[in-house]
Amino acid sequence: MSIPITLIPGDGIGPGITDATVRILEAAGADIAWDRKLAGMAAVAVHDDPMPDETLESISRTHLALKGPLETPVGSGYRSVNVALRKEFDLYANVRPAKSVTPGRRRYDNVDLVLVRENTEGLYVGVEHYIKIGDDPHAAAESVAIITRAGSERIHRYAFEYAVKHGRRKVTIVHKANILKFSQGLFLDVGRDVAKQYDGRIEVEEKIVDAMAMSLVMRPEAFDVIVTTNLFGDILSDQISGLVGGLGLAPGANIGAKAAIFEAVHGTAPDIATKGVANPGALLLAACMMLDHLGDHARATRIRDAMYATIREGKTLTGDLGGTATTDEFTSAIIARLR
Ligand code: NAI
């Protein structure tokens with residue numbers, strides 16, 4: 001029976017790379033019933049809302065979405081799409097893999113790691129205020145970082161379960177508990193407790209975030225799965241994309257209690273939006289993460305292998321990968337290599 005999945009083509013290059021991804025999944029035999037829904041500027045034009053209720057309802061039904069990049073409408077009055085999705089579906093884990101692929105265009109040869117970022121707590125909860133001192137109402141500002149035992153427990157558990165399911169050997173817990181003894185201390189303590197339950201199966205390592213930033217540059221091949229809090233995860237996830245050559249091949253997943261949403265990390269690329277030359281690779285890798293999430297590892301691996309082989313051969317590449325191929329030509333080259 002077909003698997004129902006919400007498909008949000010998005011804005012700019014979104015529809016083009018979404019079509020390419022759907023073509024490749026179909027050629028690989030994935031049996032998916034796509035429920036196409038609007039979001040972003042495409043939805044503003046029709047519904048005057050960048051995240052219409054019918055799109056949210058579709059995801060509530062399917063529990064799964066593949067999402068193209070969305071243009072964020074400038075100006076107030078529109079709800080933030082990402083905030084709406086995160087709240088509606090309690091998307092607590094942001095998962096970002098980084099793998100060396102493109103010869104000559106990446107910094108390192110042997111990077112193959114996955115960062116799991118806690119996505120709902122920490123310094124990004126938005127609890128902030130100014131403090132008036134004397135006549136100055138903005139003399140100081142205070143932001144509160146909130147870490148809960150329950151939030152820490154579920155993100156650590158997700159990271160360790162991810163490691164088990166994907167045959168990974170190690171989880172590195174990244175923290176700053178030496179200074180932030182309460183909030184980061186709680187995150188680390190819970191991580192240690194969860195790690196005990198995987199003793200003998202998954203190796204565990206602890207790293208202070210500043211040392212981690214250096215180690216990621218000095219010897220990124222030493223890391224496997226990384227789990228950390230919201231702010232550190234935000235920064236380190238872009239750092240790991242940089243290690244392997246930028247955002248062109250960077251996928252991401254937002255995993256929640258009620259749904260999982262898969263997308264490319266890059267945006268709508270307005271500079272090339274109408275030219276048919278965008279690289280669909282990041283969205284395709286996100287779709288492979290979705291297949292993995294569904295337990296269809298064999299198909300995900302076949303598709304990834306076909307794409308990596310196409311890139312390594314170097315004959316049919318989009319402009320960002322150093323070639324002159326169109327989105328369609330790159331897509332057809334991947335399909336031709338599917339086994
Ligand atoms: P961007 O990622 O769209 O573009 C940055 C540069 O990378 C551009 O030169 C672009 O041509 C290139 N690029 C990006 N994806 C590419 C691809 N698949 N193939 C080839 N080249 C690619 O970032 P920018 O310009 O800062 O943002 C543009 C719009 O995208 C904004 O409205 C922003 O809000 C939105 N955005 C949406 C995201 C999402 O929905 N997840 C994430 C990031 C930005």
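Predicted model: local features only at pLDDT ≥ 70, side-chain atom pairs only at ≥ 80, totals over all residues.

The protein is divided into domain 1, made of residues 1-90 and 258-339, and domain 2, made of residues 109-243. The structure holds 22 salt bridges, and 1 salt bridge is counted between domain 1 and domain 2.

**The two domains and their interface**

- The centres of domain 1 and domain 2, taken over C-alpha atoms, are separated by 27 Å, and the contact between the two involves 4 residues of domain 1 and 5 residues of domain 2.
- About 440 Å² of area is buried between domain 1 and domain 2, and carbon and sulfur atoms give 44% of that area.
- On the side of domain 1, the residues that lose the most area to domain 2 are Arg-86, Asp-90 and His-297, which together account for 67% of what that side buries.
- Between domain 1 and domain 2 the count of residue pairs in polar contact, with both residues at pLDDT 80 or more, is 1.
- The side of domain 1 that touches domain 2 consists of 3 charged residues and 1 polar residue, with no nonpolar residue.
- The side chain of Asp-90 meets that of Arg-154 in a salt bridge, with an N to O distance of 2.9 Å; by the domain bounds, Asp-90 falls in domain 1 and Arg-154 in domain 2.

- Side chains of opposite charge can pair when their charged atoms come close.
- Asp-35 and Arg-61 form a salt bridge through their side chains, at 3.1 Å from N to O. Because Asp-35 lies in strand β2 (residues 32-36) and Arg-61 in helix α3, this pair ties together parts that are 26 residues apart in sequence. Arg-61 has a relative accessibility of 57% and therefore counts as exposed.
- Asp-224 and Arg-168 also meet in a salt bridge, with 2.9 Å from N to O. Asp-224 is in the loop between α7 (209-218) and β10, whereas Arg-168 is in the loop between α5 (149-165) and β8 (170-175), so the pair ties together parts that are 56 residues apart in sequence.
- Both partners of that pair are buried, Asp-224 at 5% relative accessibility and Arg-168 with a relative accessible area of 17%.
- Lys-176 forms a salt bridge with Asp-210, and the closest N and O atoms of the two are 3.3 Å apart. This pair links distant parts of the chain, with Lys-176 in the loop between β8 and α6 (183-196) and Asp-210 in helix α7, 34 residues apart.
- Salt bridges that share partners join Lys-99, Asp-112, Arg-168, Arg-169 and Asp-224 into one network.

- Leu-85 lies in helix α4, which spans residues 81-89, and counts as buried because its relative accessibility is 3%.
- Not counting residues up to four places away in sequence, Leu-85 touches Met-51, Leu-56, Ile-59, Lys-67, Asp-90, Leu-91 and Ile-261.
- The C-alpha atoms of Leu-85 and Gly-200 are separated by 37 Å, and the two residues are 115 residues apart along the chain.
- Thr-228 lies in strand β10, which covers residues 225-228, and counts as buried because its relative accessibility is 0%.
- A polar atom of the side chain of Thr-228 lies 2.9 Å from the backbone oxygen of Val-174.
- Leaving aside neighbours within four places in sequence, Thr-228 is in contact with Val-116, Arg-117, Glu-118, Val-174, Phe-187 and Gly-233.

**Positive phi values outside glycine**

- Asp-48, a residue other than glycine, has a positive phi near 55°. Asp-48 is placed in the loop between α2 (41-47) and α3 (53-62) and counts as exposed because its relative accessibility is 52%.
- Ala-269, again a residue other than glycine, has a positive phi near 45°, and its place is in the loop between β12 (260-264) and α9 (281-293).

Terms used: Residues numbered from 1 in each chain as written. Heavy atoms only, no water. Helix = DSSP H or I, 4+ residues; strand = E, 2+ residues; numbered from the N terminus. Buried < 20%, exposed > 50% of the residue type's maximum accessible area, 1.4 Å probe, protein only. Domains from an automatic or database assignment. Contact = heavy atoms within 4.5 Å. Buried area = accessible area lost by both parts, 1.4 Å probe. Salt bridge = Lys/Arg side-chain N within 4 Å of Asp/Glu carboxyl O. Polar contact = N/O pair within 3.5 Å; in protein donor to acceptor, adjacent residues only side chain to side chain. Nonpolar A, V, L, I, M, F, W, Y, C, P; charged D, E, K, R; others polar.
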